[in-house]
Amino acid sequence: MNHHTGREIAKFLAGIAFGESVGHIWLGTLGTHLLPLSLTTFTFTATMNTVCMVAWPIVCAALVWYGWLAQANARRSVTA
């Protein structure tokens, strides 16, 4: 896999991470009455959602940096 393909995958995953970020922020602000959420043997608690509210935006920012911004920085240093 070359760098271009990796960056395209990062762009795609950034969209998924953004959706997860928005969903968890919504769940933490307007959907608190839905927590804890039990799915068969797994229970998603408010504490787990708080961790996700912090982690997903960080993951999204890292993927955006790699997918778009790191590419621009690399081009700028080559042309300089």
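How many residues apart in helix H1 are Lys11 and Glu8? Lys11 and Glu8 lie 3 residues apart in helix H1 (residues 3-29), so about one helical turn separates them. Their side chains meet in a salt bridge at 3.3 Å, N to O, where a salt bridge is a side-chain nitrogen of Lys or Arg within 4 Å of a carboxyl oxygen of Asp or Glu. By this rule the count is 1 salt bridge.

This is a predicted model, in which local features need pLDDT of at least 70 and side-chain atom pairs count only at pLDDT 80 or more, while totals for chains, interfaces and linings use all residues. Residues are numbered from 1 along each chain as its sequence is written, and side-chain values use heavy atoms, with hydrogens and water left out.

The protein has 2 helices and 2 strands, which from the N terminus on run α-β-β-α; helices (H or I, at least four residues) and strands (E, at least two) are DSSP runs, numbered from the N terminus. The mean pLDDT, the predictor's confidence in each residue from 0 to 100, is 90 for the protein, and 84% of its residues reach 70 or more. Confidence is lowest in helix H2 (residues 46-79), at a mean of 86, and highest in strand S2 (residues 42-44), at 95.

Of the 80 residues in the protein, 22% are buried, the term buried meaning under 20% relative accessible area, exposed over 50%, and partly exposed in between (1.4 Å probe, protein chains only).

| Residue | Relative accessible area | Class |
|---|---|---|
| Glu8 | 36% | Glu8: partly exposed |
| Ile16 | 40% | Ile16: partly exposed |
| Thr40 | 83% | Thr40: exposed |

Two features of the backbone deserve a separate mention. Most residues other than glycine have a negative phi, and most peptide bonds are trans. Thr40, found in the loop between S1 and S2, has a positive phi of about 50° although it is not a glycine. The peptide bond from Leu35 to Pro36 is cis, with omega near 0°, and Pro36 has its place in the loop between H1 and strand S1 (37-39).
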